[in-house]
Amino acid sequence: MNTYKHAIDNLFPDDDDQRVAALGRYQVFNDEPEPVFDRICELACNMFNVPIAHISFLDEESELVKSSMGLGEQVIRVDRSMSLCAITVLNGSSTVIPNALLDERLAGHPYVYGEFGLRAYAGAPIISNDGYIVGTMCLVSHEVRDFTGHEVSLLEGLARIVAEQLELRLENLEHNNRQKFIQDRLMASEARLRCILDTMADGVCIVDENGTTTYINQMAGQIFGVNLLQMQNRSYNDPLWINLRLDGSVLPIDEHPMYTMLKTAAPVYDREIGVARPEKDTFYISVNAVPLFSDQNELSGGVCTFIDVTARRKLMKEKDDFISIASHELKTPITSLGASLQLIKKMKDNLSPMVPKLIELANESMERLNSLVGNLLDANNINIGALRLNSKAFSIYEMIDACCRQLRIAGEYRLMITGDCSLRMYADQERISQVVINLINNAVKYAPESKVIEINISTQDGMAKISVADQGEGIDIEKIPYLFDRYYRADYKSLHYSGLGLGLYISADIIRRHGGEIGVESVPGQGACFWFTAPLSDQ
């Protein structure tokens, strides 16, 4: 039974609680190996020519020999009452015992008087950044020897190196804790985001810079009928899924909204496409695609949101079919009415004086009704992609002159054709005439006070350009962006005009199909100028 007791009654310094707390910050009081400490102990043995060197840390109950040279590979724990290092901690400075047999503090100590045979000891305190002694750098010899002041100074230098390693360890621990905290927050945030995305009514798909799917939410899986694993093996242009235009033709890869977004690094909004899957009905989606960028501002992928608009497309098709059928049904009686009116007009000399006036009104109504039906048909053809062009070369001046003939007969307006009257155009003459007549009628309708309308012929960027300018009150700037929208009808000075709001919409589509541009320039109080471009003829 060990009956040894230190001659020192109290081995605990006054600040021992704070000292132990300081040691706890480093999380070093454990059995995990510390290779850097092992190398320091090996260096100490060689420097001081001693058989044993060790690095120890002391908590409130024991000394842990964390690393050593000459004591074996196992971690050693010593009761604090047996610890020589406890004397160094108590002293608060380096402790040297040249001959343990003569030191009264160690009388009867089993390490001195037992088989271990400790004769000389030197310990330098390992001091934390905030001034607490958390451990010791120790030298042990089996022979009596003194340590010079220079040797003690070197030993203290090694103790400082150990302290620096502890601070680096602390920095790593704090860094790892911060990283873990950040990672935990990111994981929690990602979990919340996934929860939100999975409850969205829109499908959400995230792709990398190559277009490979990295995430889909539950709604996207329902719309496409796949799970994330299946989706990761596919791409937006997968040949098993045929992407379609709204008119049913195959969608070229460079028209796919995802391709456009990744190619241009710009967002794409509200682009509708069809998706045909084997042995299943075609469905339609409205797609928004937004690019994602790395910290270096390089494209790293994109987020695509989409909704299933199959029901909406079906409803629109039913509406368009109705308009088409109704238009054709109306066309037949209108044609018959027109023919009858023409016959009556030839016979008007033998009828009542009121009949010619009634016939004229009927003709005007018939022409107006015919124009409305024509616009409905054109709008429907545009929507289903069935508006076709029959291009040929023709004289621009002759085409415009024919368009102006009816208004000139009325005699209320002066129509001036200016510019290069020798230019010829290669386009669908009937459709271009339709655009010109629409622009002239708009000038008459919305600028009735302008009795002069100028139609100018010129060129722009290798294309023929036709401008229709009035001298009216102009167009409010906030209305200009919507003039070419479907069903948009402008309200000028609270004057409401009949019509379906399709004229400029149809005109814009006709010009786009010719590869041209259409636009308007207007300054309030100074009139408006509508213009468009179309291909020149080389004949």
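Is Phe 116 buried, partly exposed or exposed?

Modeller: Happy to! This is a predicted model, where local features need pLDDT of at least 70 and side-chain atom pairs count only at pLDDT 80 or more, while totals for chains, interfaces and linings use all residues. Residues are numbered from 1 along each chain as its sequence is written, and side-chain values use heavy atoms, with hydrogens and water left out.

Phe 116 is partly exposed, at 31% relative accessibility (buried means under 20% relative accessible area, exposed over 50%, partly exposed in between, with a 1.4 Å probe and protein chains only).

Now for the pairs. The structure holds 3 aromatic pairs (rings of Phe, Tyr and Trp, the last by its six-membered ring, with centres within 6.5 Å; planes under 30 degrees apart are stacked, over 60 edge-to-face, the rest tilted). One of them is the tilted pair of Phe 37 and Phe 57, with 6.2 Å from centre to centre and 40° between the planes. Phe 37 belongs to helix H2 (residues 35-48) and Phe 57 to strand E1 (residues 52-58), so this pair ties together parts 20 residues apart in sequence (helices, H or I with at least four residues, and strands, E with at least two, are DSSP runs numbered from the N terminus). Phe 37 is buried at 3% relative accessible area, and Phe 57 is buried too, at 0%.

Coming back to your residue, Phe 116 pairs with Tyr 111, also tilted, at 5.8 Å centre to centre and 55° between the planes. Tyr 111 is partly exposed, at 30% relative accessibility.
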